[in-house]
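Welcome! Take a moment to look over the protein shown below, and then we will walk through its charged pairs and its surface together.

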Amino acid sequence: MIWNPYEVSNRVTNRLNRSVSFYDNWFDSVIGLRGRFNLSKAFYLTGESDVGGFGIGSDVAVQEYAALGCQITRQVYSEVGYRFLYDDFRDTNFLYQMAMHGAQITLGLKF
């Protein structure tokens, strides 16, 4: 039997081109710590960490952030930092494991 490459391509594409969706909601209890260390009147180091889940919602939920900041005016600040997020939620028919990390640039307003 001779296969037409176009026909093979269509069959494979049709079988692989499917989607499945499932939605679930959960609540996580979270405890955290945040700090700021002033290097000068304008520059500072900041960091925050929180951990949650504890098997109540997620098994584990973690967020870490560290940055170098600059207080531009009394209300305006900017930070350059790095953030890490992780979440591990397991249910009977659902598994959600997510890890995300990378550089972050922030421009913020205090009021």
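## What counts as a salt bridge

A salt bridge here is a side-chain nitrogen of Lys or Arg within 4 Å of a carboxyl oxygen of Asp or Glu. Side chains of opposite charge can pair when their charged atoms come close. Please keep in mind that this is a predicted model. How many salt bridges does a search of the whole structure find? The search turns up five, and we will visit some of them in turn.

Let's begin with E7 and R11. These two form a salt bridge in which the closest N and O atoms are 3.3 Å apart. Both residues belong to helix 1, which covers residues 5-16. They sit four residues apart, or about one turn of the helix.

Are E7 and R11 buried or exposed, or something in between? E7 has a relative accessibility of 34%, so it counts as partly exposed. R11 is partly exposed too, with a relative accessible area of 44%.

## A pair between two strands

Next, find E48 and R34, whose side chains meet in a salt bridge with an N to O distance of 3.6 Å. E48 is in strand 2 and R34 is in strand 1, so this pair ties together parts that are 14 residues apart in sequence. R34 has a relative accessible area of 66% and is therefore exposed, because the cut-off for that word is over 50%.

## A pair from a loop to a strand

Now look for D59 and R90. Their side chains also meet in a salt bridge, at 3.6 Å from N to O. D59 lies in the loop between strand 2 and strand 3 (60-71), while R90 is in strand 4 (residues 76-91), so the pair ties together parts that are 31 residues apart in sequence. D59 is partly exposed at 35% relative accessibility, and R90 is partly exposed at 45%.

Let's finish with side chains of another kind. F37, L39, F43, L45 and L68 make a nonpolar surface patch of about 490 Å².

L39 has a relative accessible area of 48%, so it is classed as partly exposed.

Methods. Residues are numbered from 1 along each chain as its sequence is written. This is a predicted model: local features need pLDDT of at least 70, side-chain atom pairs count only at pLDDT 80 or more; totals for chains, interfaces and linings use all residues. Side-chain values use heavy atoms; hydrogens and water are left out. Patches are made of residues with over 30% relative accessible area and no salt bridge: like charges are joined within 9 Å, nonpolar side chains (Val, Leu, Ile, Met, Phe, Trp, Tyr) within 5 Å. Accessible areas come from the Shrake-Rupley method with a 1.4 Å probe; for residues, only the protein chains shown count as cover. Buried means under 20% relative accessible area, exposed over 50%, partly exposed in between (1.4 Å probe, protein chains only).
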